[in-house]
Amino acid sequence: MAAPMTRKAKPAAEARRCEAPDCDVDFVPQRSTARYHSTTCRSRAARSRKAAEDNAAEEAKTGTDAEHELVRAVRLELEKSKATTTIAGQLALQVARRIANPDTTGISTLSKELRTLVAEACGPAQAKDASPTPVAKAEPDEVEKARRRREEKAAKAAEQS
């Protein structure tokens, strides 16, 4: 008859730190290859790696490391007017960055705000300049036209009642 098989005792595992981002938990792994202390940490780490890979691929594809053309144009206009360090100049740069970011909404409102801020930032500097660059009057956009029509309609209704 064969001797019964017995398992060898495993050496006690040493505590290690969870490798997930933003997790500082020390744990004793049940397996020698364990890197995370929980399924949640493993999932977060996988999502974080995937997001980093997607961002790197997107930057390589679109070249977003370079400054967006709108932001560059606003910065150059502000530098020409020596208004880059003013509050209005910094606000104009921030609005230009938000417009350049495709995830934001309200482009129409932001573009109006950008025009206002650039005019405010560059206005005094251009007034001192002997030859200011003429600014073409922008046509009202669709949102502005719709707002005006709504106000006219409300005014007519108020007159009739």
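Just after helix 2, lysine 82 takes a positive phi of about 55 degrees. Helices here are DSSP runs of H or I with at least four residues, strands are runs of E with at least two, and both are numbered from the N terminus. The model is predicted, so local features need pLDDT of at least 70 and side-chain atom pairs count only at pLDDT 80 or more, while totals for chains, interfaces and linings use all residues. Residues are numbered from 1 along each chain as its sequence is written, and side-chain values use heavy atoms, with hydrogens and water left out.

Lysine 82 is not a glycine, yet its phi is positive. The residue is found in the loop between helix 2 (69-80) and helix 3 (87-100). Lysine 82 has a relative accessible area of 73% and is therefore exposed. The cut-offs are as follows: buried means under 20% relative accessible area, exposed means over 50%, and partly exposed lies in between, with a 1.4 Å probe and protein chains only. Aspartate 22 also has a positive phi, near 60 degrees, and is a residue other than glycine. Its place is in the loop between strand 1 (16-17) and strand 2 (26-27). Aspartate 22 counts as exposed because its relative accessibility is 85%.

The chain contains five helices and two strands. Along the sequence, the pattern is β-β-α-α-α-α-α. The chain has 161 residues, and buried residues make up 19% of them. Its accessible surface comes to about 13,200 Å². Carbon and sulfur atoms account for 54% of that surface. Such areas come from the Shrake-Rupley method with a 1.4 Å probe, and for residues only the protein chains shown count as cover. Contact means heavy atoms within 4.5 Å. Among contacts between residues at least 6 apart in sequence, 32% join residues at least 24 apart.

The largest nonpolar core has 16 residues. A nonpolar core is a set of buried Ala, Val, Leu, Ile, Met, Phe, Trp, Tyr and Cys residues joined through side-chain atoms within 4.5 Å. Val74, Leu78, Ala92, Val95, Leu114 and Val118 touch the most other members. Helix 2, helix 3 and helix 4 (107-128) are the elements that give two or more residues to this core. Apart from this core lies another, of eight residues, among them Cys18, Phe27, Ala34 and Ala45. In soluble globular proteins, nonpolar side chains tend to be buried together.

Leaving aside neighbours within four places in sequence, leucine 114 is in contact with Leu70, Val74, Ala92, Val95, Ala96 and Ile99. Valine 118 is placed in helix 4. Valine 118 counts as buried because its relative accessibility is 18%. Not counting residues up to four places away in sequence, valine 118 touches Val74, Glu77, Ala92 and Gly123. Valine 118 and glutamate 77 are 41 residues apart in sequence. In space, their C-alpha atoms are 8.2 Å apart.

Helix 2 has 12 residues. From first C-alpha to last, helix 2 reaches 16 Å, close to the 16 Å expected at 1.5 Å a residue. The expected span is 1.5 Å times one less than the number of residues. Val71, Val74 and Leu78 are buried in helix 2. Seen down the helix axis, these buried residues fall within an arc of 65 degrees, so they line one face of helix 2. The arc is that of the directions from the helix axis to the C-beta atoms. On the other side of helix 2, Glu69 and Lys80 are exposed.

Helix 3 has 14 residues and reaches 20 Å from its first C-alpha to its last, close to the 20 Å expected. Its buried residues are Ala88, Gly89, Ala92, Leu93, Val95, Ala96 and Ile99. Down the axis of helix 3, they fall within an arc of 165 degrees, so they line one face of the helix.

The structure holds zero disulfides. A disulfide is a pair of cysteine sulfur atoms within 2.5 Å. For cysteine 18, the closest cysteine sulfur is in cysteine 23, at 3.7 Å, too far for a bond. For cysteine 41, the closest is also in cysteine 23, at 3.5 Å, again too far for a bond. Cysteine 18 counts as buried at 5% relative accessibility. Cysteine 41 counts as buried at 6%.
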